[in-house]
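Subject: Structure handover

Dear colleague,

Please find below the structure that I am passing on to you. My findings follow it.

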Amino acid sequence: MSNIPYKIYLEESEMPKAWYNVRGDMKKKPAPILNPATLKPVTLEDLSVIFCKELAEQELDDTSRFIDIPEEIRNFYRMYRPSPLVRAYCLEEKLQTPAHIYYKFEGNNTSGSHKLNSAIAQAYYAKKQGLKGVTTETGAGQWGTALSMACSYFDLDCQVYMVKVSYEQKPFRREVMRTYGAKVTPSPSMETEVGRRINAEFPGTTGSLGCAISEAVEAATSQEGYRYVLGSVLSQVLLHQSVIGLETKAALDKYGIKADMIIGCAGGGSNLGGLISPFAGEILRGENQYEIIAVEPASCPSLTRGKYAYDFCDTGKVCPLQKMYTLGSGFIPSANHAGGLRYHGMSSVVSELYDQGIMTARSVEQTSVFEAAEMFARVEGILPAPESSHAIRVAIDEALKCKETGEEKNIVFGLTGTGYFDMVAYQKYNDGEMSDYVPTDAELQKSLDALPKVEG
């Protein structure tokens, strides 16, 4: 048995006091966000119509390396942070691998995922600005759950547009949101102009994150005293989520462990960006080298099969344009069980890091993902979320490669949350009813052909 404990805990005093902004270390910055009306870089005034002012400032700040975490947010973090870095001894034994596997577990809070790290920050800034409430979208429901908790804490109204397929598959996730006081609407709905338009264009659609974003933005901009908040994709969200990577790095350093490989699931980029940012920063500064792998579903492969181009962040084309790896804002992914990873594009920060070769990407099919999830659950005792299980799949694959080569690599992956609200998916897998869907080149090209004609 190694002298590394099963769980590496940091002391409360070792919790980060500032978020890390990887853009501050990037010589080539992500391309600027564009105003959809003028196609010129957005201003603080433009963004402040949609977002809280301080969040808009964070979104546009690509020079500050560190931004202080307000004491009120750190006090909330103390309820569930620092989160543990776990040595997966039982998984290593099961695989008979010489690799050392570690996972950063973000599921030890009531929301069940990492999303609370940014939700509490965004709710704090909304309350500080004196707003009545916020609107948002959610896919699998982790973000909506986290935001409903944060809004309840600060006594803010919370309106959530939940992707219809997840709304139907995960009724108990929906009820947790309602328990915390949120209004939850399946998207696309008939409550907004953009929702009615999408329903007319795509009859019977099961929805997408792009659709839900459009509805949430319309709801925010049509109500006085409301702003829109987002759980992924945006640079401000990756900033807040950097607490994951900062704690991971501190825990590894505490025991003199050098990670060889960092693996994270990739949908919009919040978990992945938060986990890898401090490590990517070391690569950018020439201090260290790591192999960083983003893992996405084969059914929504924005990094591995998308195009690096300017695109709308939403299906209704009311949000600013962002340069990112995208499948096209009109792409409606299949109704698979990786709800939180069913977004058509990728964070501009993650996209730029990927384009610079700081990281690589892989896509995996959902039956292999659930095979890995069940193996992990049976030996490590945690039922993982389908999203997190994409990272588990590749971590297992890499550990098995080490078994073949005899290499003792240190593999670190992000376990973003638990899967207790995803039992319909586990049931489908256990009953042999789960299928794999991979979009054809023709399907993707149809969506890519509709990308806006913007140079950048």
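I begin with a point of backbone geometry. Leu-39 counts as partly exposed, because its relative accessible area is 41%, and partly exposed covers the range between the buried limit of 20% and the exposed limit of 50%. Please bear in mind that this is a predicted model. Leu-39 sits in the loop between β2 (18-20) and α1 (44-48), and its phi is positive, at about 60°, although the residue is not a glycine. Gln-96 also has a positive phi, near 55°, and is likewise a residue other than glycine. Its loop runs between α4 (89-95) and β5 (100-105), and with 49% relative accessibility Gln-96 is partly exposed. As background, most residues other than glycine have a negative phi, and most peptide bonds are trans.

Two cis peptide bonds should be noted as well. One joins Arg-81 and Pro-82, with omega at about -5°; Pro-82 belongs to the loop between α3 (71-77) and β4 (85-87). Another leads from Ser-187 to Pro-188, where omega is near 5°. Pro-188 lies in the loop between β8 and α9 (193-201).

Strand β8 also takes part in an open sheet of 4 strands, which has the order β8-β7-β6-β9 and parallel pairing. Since β8 (183-187) and β9 (226-228) stand at the edges with a single partner strand each, one side of each has no neighbour in the sheet. From one strand to the next, the twist averages 20°. The parallel pairing of β6 (residues 133-138) with β9 comprises 3 bridges, and Thr-135 has Tyr-228 in β9 as its bridge partner. Across β6, β7 (157-163) and β8 lies helix α8 (residues 171-179), which runs at about 170° to β7.

As for the protein chain as a whole, its secondary structure amounts to 18 helices and 15 strands. The C-alpha trace spans about 60 × 50 × 45 Å along its principal axes. Of the 456 residues, 64% are buried. Among contacts with a separation of 6 or more, 77% are between residues 24 or more positions apart. The chain exposes about 16,600 Å², of which carbon and sulfur atoms supply 49%.

Notes:
Residues numbered from 1 in each chain as written. Predicted model: local features only at pLDDT ≥ 70, side-chain atom pairs only at ≥ 80, totals over all residues. Heavy atoms only, no water. Pairing = 2+ DSSP bridges. Helix = DSSP H or I, 4+ residues; strand = E, 2+ residues; numbered from the N terminus. Axes fitted to C-alpha atoms, helices over the stretch in contact; angles between N-to-C directions. Contact = heavy atoms within 4.5 Å. Buried < 20%, exposed > 50% of the residue type's maximum accessible area, 1.4 Å probe, protein only. Areas by Shrake-Rupley, 256 points an atom, 1.4 Å probe, with all protein chains shown as cover.
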